[in-house]
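Reader: I'd like to walk through this fold with you. Could you show me how to read it, one feature at a time?

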Amino acid sequence: MKLYQLSQKKDANWDENISVTVIASSAKEARQAASEVAADEGAETWLQPSKSVCEVVKTGSPKIVSISNKGA
């Protein structure tokens with residue numbers, strides 16, 4: 001299993017996921033998992049390489065995987 005970071009290629013609108021981090025066996029599996037939690041951007045954003053980037057997160061050094069923040 002690998003850690004994948006998926007990000008939209010366009011600027012996100014309100015109520016859209018900007019990025020999704022997934023543990024998966026392949027990029028295809030990561031894209032499918034991201035599509036299943038899509039918000040207003042729609043599942044196709046995560047399934048189509050023309051609309052999103054899917055990269056393996058390098059694990060050679062410490063990295064922050066997730067931060068939750070309650071905005072004002």
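Reader: How many bridges join strand β1 to β2?

Author: Some ground rules: this is a predicted model, where local features need pLDDT of at least 70, side-chain atom pairs count only at pLDDT 80 or more, and totals for chains, interfaces and linings use all residues. Residues are numbered from 1 along each chain as its sequence is written, and side-chain values use heavy atoms, leaving out hydrogens and water. Strands (E, at least two residues) and helices (H or I, at least four) are DSSP runs numbered from the N terminus, and two strands pair if DSSP finds at least two bridges between them. Here, six bridges join β1 (residues 2-8) to β2, and the two run antiparallel. Ser 7, for one, has Ser 19 in β2 as its bridge partner.

Reader: In what order do the strands sit in the sheet?

Author: β2-β1-β3, an open antiparallel sheet. β2 (19-24) and β3 (52-56) are the edge strands, each pairing on one side only.

Reader: Which residues of α1 are buried?

Author: Buried means under 20% relative accessible area with a 1.4 Å probe, protein chains only (exposed is over 50%, partly exposed in between). In α1 that's Ala 30, Arg 31, Ala 34 and Ser 35. They share one side of α1, because they span an arc of only 135 degrees around the axis (taken from the directions from the helix axis to the C-beta atoms).

Reader: And what does the side chain of Ser 52 make a polar contact with?

Author: A polar contact is a pair of N or O atoms within 3.5 Å; within protein, one must be able to donate a hydrogen and the other to accept it, and residues adjacent in sequence count only if both atoms are side-chain atoms. For Ser 52, the partner is the side chain of Arg 31, at 2.7 Å. Ser 52 lies in β3 and is buried, at 1% relative accessible area.
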